[in-house]
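Thanks for coming, everyone. Let me put the structure up, and then we'll walk through it.

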Amino acid sequence: MSLESSVRLLEVKGLQKFFPIRKGFLKREVGQVRAVDDVNFHVQRGETLSLVGESGCGKTTTARCILRALTPTAGQILFRGNTGTVVDVARLSKAQLRPLRRQMQMIFQDPFSSLNPRRTLFDIVAEPLVANRIGTRQDRVERVAELLRMVGLRPEYIRRYPHAFSGGQRQRIGIARALALNPSLIVADEPVSALDVSVQAQILNLMLALQKQLGLTYLFVAHDLSVVKHVSDRVAVMYVGRIVEMTETQRLFGTPKHPYTEALLSAVPKPDPRLRAQRIVLEGDVADAANPPTGCYFHPRCRYAQDVCRRETPRLEEIAPGHFVSCHRARELTLRGVAG
Amino acid sequence: MDGNPPPILSVRELKTYFFPDEGTVRAVDGASFDLYARKTLGIVGESGCGKSVTARSILRIVERPGRIVGGSILLRRGSGNDRPTDLDLTQLDPEGPEMRQIRGGDIGLVFQEPMTSFSPVHTIGNQIVETIRMHQRVTEQQARERGVEMLHLVGIPNPERRLDEFAFQLSGGLRQRAMIAMALSCGPRILIADEPTTALDVTTQAQILDLLRHLQEREGMTIILITHNLGVVAEMCDEVVVMYLGRVVEQGPVDAIFHAPKHPYTQALLRSIPSIHATVRTELPTIAGSIPHPYNRPAGCPFYPRCQDFMPGTCDRNEPSLRPVGDGQDVSCFLYHPA
């Protein structure tokens, strides 16, 4: 690994985001949903870190805090800007955020609702350029054409409206728009989950190719572990607002150390009828973030739970170089991963 | 049981078209398949392939401007010593008493969206009781007891209490269980599950798939499972029907479909799905292009514009038909049956 790639582009420390629960006529606060509760991770320049987990685990909230679509309750979001200085995104004012927004962009899940149906392809892709007053109109036309070529669309489409495009093409438009300002960090929130299977692969390949070509850094938010395996260098598994396991992709899939990771991997239906293995079926539902259980949040569903798990909250510990696990029994358990 | 029981449901050359103002959409265009008792048949395909419209056609709940324009759907009724009779569902009045008896009575349906499939202003119990009393002559109290029994069967804790709750009070997984309970409340022989786990998380999905398997074993149910998820198909189905743009392109036993697929679309689809067993950060093989808009359906084989084995002059001119290629496996492709 070169020195350049070992630079931490993003570092998240102690991130918390709580949402108030209000009740009654006076909207009194009666509780809190701890959507993100003490999340720590970093993303190196040029790599892809994936946040995975089930609905309500806080992965999207984390991503939104990083982009400051939400203001965190506590914690630091350290981002290394183009000039090399590190700023805490969590503390910046709106005006201070503006230059940084050019360096972090987002790709959305739903290619149908994330593009304005009344604007042409040119308007959509050039919007970030216009908003930041970059280039003349002619410059913008050239830049948009270049971006469209980069994402595999024909520049002749520039005057068309989104309805003329398929789901996969619309997602390409969304990617072109995200790339318009040469960002260094792309946050992709479920970028392929709304697409057909045959089109998913095209978009994933495109994202990998663009990363290589432009040296992009991805924070990838997804629930589909097969997709995550295809794109990630490292993976962080979240459960009820916390990271429960984080390590290199191969290691996480091959030798998981957290019982929740094991159960997630086992729950994925494998596209091979000869592999109808005994699945681990978790009992019950995901814990309620407004009223989480005591001790380890996963213990009511965990088949390895002991007394200590009910009493004490485990900490995210580095049990091997670069392998972080939040489980009291991480060192003694031998869990089942997936081959390949 | 004898060696080769006849199918309990046969779909033959089913055509369901939609006639909006802009033109004609051939949503299902000549689909044929058989369903055998106590088996799970998977109908798999991407958006617009006609898998859901096929299910809706079987239940005669296709919404206007769509209607069945051709083919037959034969439901075999009667068992034991009664001589079975074949009933063509396409000939029945969709609103008539017979069809109402079949919906829910013979064939149950589970939708993808458990949130929108339940009425938000009636309790789960009200809806299940209503369903039961529509089909069976029982008192309100008996229907309620049956409802509690059903919720218990699908693994909902505290069924007596849950029966009086509204759909929004249940989690996604519990809601889908309640939906299955309602679909099974009148003891249908066939359950059609249309993307039953698509809106759910993986661990919840595993629970629901497990439940369907147990119910099938216990109640001897026959299941039609409609999904775009090939992993779900591989884990659940005995037989698989692969659809593309309203046509069945291939069908056969699940092992043949996954280990010896014949149609170029099936082959490409299987190659292009991200697999949890794949090597990290590798390029995926893709299928070129995208699914055509339903108004711009290509002539000939619907897959030819994206097909690697496209034979000019053949595939774009003639329509292939579904023909046998091996043990119970049929394919609709000129590579195997020259025009």
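Start with chain A: 10 helices and 12 strands. Keep in mind throughout that this is a predicted model.

How does the overall size of chain A look? The C-alpha trace spans about 70 × 55 × 50 Å along its principal axes. Its radius of gyration is 21 Å. A compact globule of 340 residues would come out near 20 Å, so chain A agrees with that expectation.

Next, confidence. Chain A has a mean pLDDT of 91, with 98% of its residues at 70 or more. Chain B averages 90, and 96% of its residues score at least 70. For the complex, the predictor gives an ipTM of 0.84 and a pTM of 0.88.

Over residues 1-5 of chain A, pLDDT stays under 50. The model has 5 contacts beyond four places in sequence for that stretch.

Now the interface. How many residues of chain B are in contact with chain A? The count is 40 residues of chain B, against 43 residues of chain A. On the chain B side, the elements giving two or more residues are α8, α9 (230-236), α10 (254-259) and α11 (264-272). The largest share comes from α8(B), with 6 residues. By class, that side of chain B has 17 nonpolar, 16 polar and 7 charged residues.

Stay with α8(B), residues 202-219. Within chain B, this helix also packs against α7(B), residues 172-184. Their axes come within 10 Å and cross at roughly 20°. Under 35 degrees counts as roughly parallel, so α7(B) and α8(B) are roughly parallel to each other. The crossing is right-handed.

Who makes that contact? From α7(B), we have B:Gly172, B:Gly173, B:Gln176, B:Arg177, B:Ile180 and B:Leu184. From α8(B), we have B:Thr204, B:Gln207, B:Ile208, B:Leu211 and B:Leu215. Sorted by class, this contact has 5 nonpolar, 5 polar and 1 charged.

Helix α7(B) has another neighbour, α4(B), residues 124-135. Here the axes come within 9 Å, again crossing at roughly 20°. Therefore α4(B) and α7(B) are roughly parallel to each other too. This crossing is right-handed as well.

Which residues meet there? On α4(B), they are B:Ile124, B:Gln127, B:Ile128 and B:Thr131. On α7(B), they are B:Ala178, B:Ala181 and B:Met182. The classes here are 5 nonpolar, 2 polar and no charged.

Last topic: two backbone details. Some background first. Most residues other than glycine have a negative phi, and most peptide bonds are trans.

Where is the cis bond? Look at the peptide bond from B:Arg64 to B:Pro65, which is cis, with omega near 10°. B:Pro65 sits in the loop between α1 (51-58) and β4 (66-77) of chain B.

Then go to A:Asp38. Its phi is near 65°, a positive value in a residue other than glycine. A:Asp38 lies in strand β2 of chain A, residues 28-44.

To recap: α8(B) gives the largest share of the chain B side that touches chain A.

Methods:
Residues are numbered from 1 along each chain as its sequence is written. Chains are lettered from A and ligands numbered from 1 in the order in which they are written. This is a predicted model: local features need pLDDT of at least 70, side-chain atom pairs count only at pLDDT 80 or more; totals for chains, interfaces and linings use all residues. pLDDT is the predictor's confidence in each residue, from 0 to 100. Axes are lines fitted to C-alpha atoms, for helices over the stretch in contact, and angles run from 0 to 180 degrees between N-to-C directions. Helices (H or I, at least four residues) and strands (E, at least two) are DSSP runs, numbered from the N terminus. Angles under 35 degrees count as roughly parallel, over 145 as roughly antiparallel, 65 to 115 as roughly perpendicular and the rest as oblique. A crossing is left-handed if the near helix is turned anticlockwise from the far one by less than a right angle, and right-handed if clockwise. Two residues are in contact if their C-beta atoms, placed from the backbone, lie within 7 Å. Ala, Val, Leu, Ile, Met, Phe, Trp, Tyr, Cys and Pro count as nonpolar, Asp, Glu, Lys and Arg as charged, and the others, Gly among them, as polar. The radius of gyration is taken over C-alpha atoms; the globule rule is 2.2 Å times the number of residues to the power 0.38.
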